[in-house]
Amino acid sequence: MSADSSQSPPDAAGPPGRRPLIAFTWLWVGAPLAYGLYELVRKATQLFTG
Amino acid sequence: MSPPVAPPGWSRWLVPPAALSVHLSIGQAYAWSVFKPPLESALGLSGTQSALPFQLGIVMLGLSAAFGGTLVERHGPRWAMTVALVCFSSGFLLSALGAAVEQYWLIVLGYGFVGGIGLGIGYISPVSTLIKWFPDRPGMATGIAIMGFGGGALIASPWSAQMLKSFGTDNSGIALAFLVHGLTYAVFMLLGVLLVRVPRPRERADGRPAPLEGVQVSARSAMRTPQFWLLWIVLCMNVTAGIGILEKAAPMIRDFFADTSTPVSATAAAGFVALLSAANMAGRLGWSSASDLIGRKNIYRVYLGVGALMYTLIALFGDSSKPLFVLCALVVLSFYGGGFSTAPAYLKDLFGTYQVGAIHGRLLTAWSLAGVLGPLIVNWIADHQEEAGRHGSALYGTSFLIMIGLLVVGFVANELIRPVHARHHEPAATVPAQPAQKEGNDVSRQQPESA
């Protein structure tokens, strides 16, 4: 990060005050994706069992 | 609408979920087939007719990404995500109306035309912003978003099927399903609209915004460079090769092992297709992230070179070993996904971040052509081989040879890509401020390494 900026460095996990928001937003997109992946795995196993 | 600038202390890890909320939504397009049989029986449509909304949607995706890219760069990601939300959601609402009053043209107009604009603008909306937030890992950042486009169909396919089962497959059930889709996706995408921010401009010692460092090329100039068109060929060849398998995956694996002692059932073939989707998604994130470590040019060498090798193995030994066939197909599909998600980072290396979103939009026309070319080659050849009395793996031998040839063409095109000539670079005065991160240094580091 440049010295003339007050922004978080690129590798920081985020300031503590933002962590609940970060967790919520990742959950927002992660939950439906996990459902999709679960359905995918269920279907993919048919290759070996079907 | 001016681009929303991040306040001090904003975390860049809030930007990928914003991008994912849009890409996971618009990725629903690849689950359109769920609606086809109910629409055909409820409105008395043929298979060709019921595919129209999807086909028009994909055409509109290409057109709006190509022509709307400059607007996206000018107005910023929040504007683009708002347009994507409004278009994609109202596409479903119009379709709901069309299904309710049994006017199919409204579904074509709504889902295909209006929704298709949402697909194109939504697809490119977070690319430039992600690259600016993650100058050290542009491949990973765009990989996350573009993986979402693949993931969208995984979510929508079982979800839409379940909804139709609950609401019924008559026209009122379909209308209700479309309505729920439109409203749900609007709420889901709203997160992206509210969350997305562009990095704050870096300031010079005198307090004025510092211009972007390193090579910067405008979208208009990029179109005049051989690098853009070589990368266009690379993407087109890679996508064509992937679609070659994806298009006929289920019948292909059944044909390959039809005459063996272990034929593949229809259920197992469906499992194979699902596994290919997983490889496609994993490749989008995995290979694109790997490109941050080994360079963009090298990763495309792998996609195209190893891809050609995989096709050769399938053509030579595929019908003698099921695990080999499955493994090679999975690798090819992972390269297919990786090719999509690595392209924005490759563009960033070559042309800088100045108008990378707009350039990416124009590059996606390669996808449009490949989307026609891949299925056309495989289907046309398989049909002709069948007419000639061949069966089993012999139906696909010629297609595979063509795919190997296309991958070699792509490999050569990738080898010819060099850094962009200085005459195409934007003068520093015309380039706007750079974000307050290590972006400039990264551009100058990546350019000779990858290009």
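Domain bounds here come from an automatic or database domain assignment. On that basis, chain B splits into domain 1 (12–195) and domain 2 (219–450), and the C-alpha centres of domain 1 of chain B and domain 2 of chain B are 23 Å apart. This is a predicted model, in which local features need pLDDT of at least 70, side-chain atom pairs count only at pLDDT 80 or more, and totals for chains, interfaces and linings use all residues. Residues are numbered from 1 along each chain as its sequence is written, while chains are lettered from A and ligands numbered from 1 in the order in which they are written.

**Where the domains meet**
- In chain B, 28 residues of domain 1 are in contact with 35 residues of domain 2 (contact: C-beta atoms, placed from the backbone, within 7 Å).
- On the side of domain 1 of chain B that touches domain 2 of chain B, α3 (47–75), α6 (127–133) and α7 (138–167) of chain B each supply at least two residues.
- The most comes from α7(B), with 11 residues of that side.

**Fold and packing**
- Chain B has 18 helices and zero strands, counted as DSSP runs numbered from the N terminus (helices: H or I, at least four residues; strands: E, at least two).
- The C-alpha trace of chain B spans about 75 × 55 × 35 Å along its principal axes.
- Of the 451 residues in chain B, 59% are buried (20 or more other C-beta atoms within 10 Å of a residue's own, with C-beta atoms placed from the backbone).
- Among contacts in chain B between residues at least 6 apart in sequence, 85% link residues at least 24 apart.

Technical notes: Two residues are in contact if their C-beta atoms, placed from the backbone, lie within 7 Å. A residue is buried if 20 or more other C-beta atoms lie within 10 Å of its own, exposed if 12 or fewer, and partly exposed in between; C-beta atoms are placed from the backbone.
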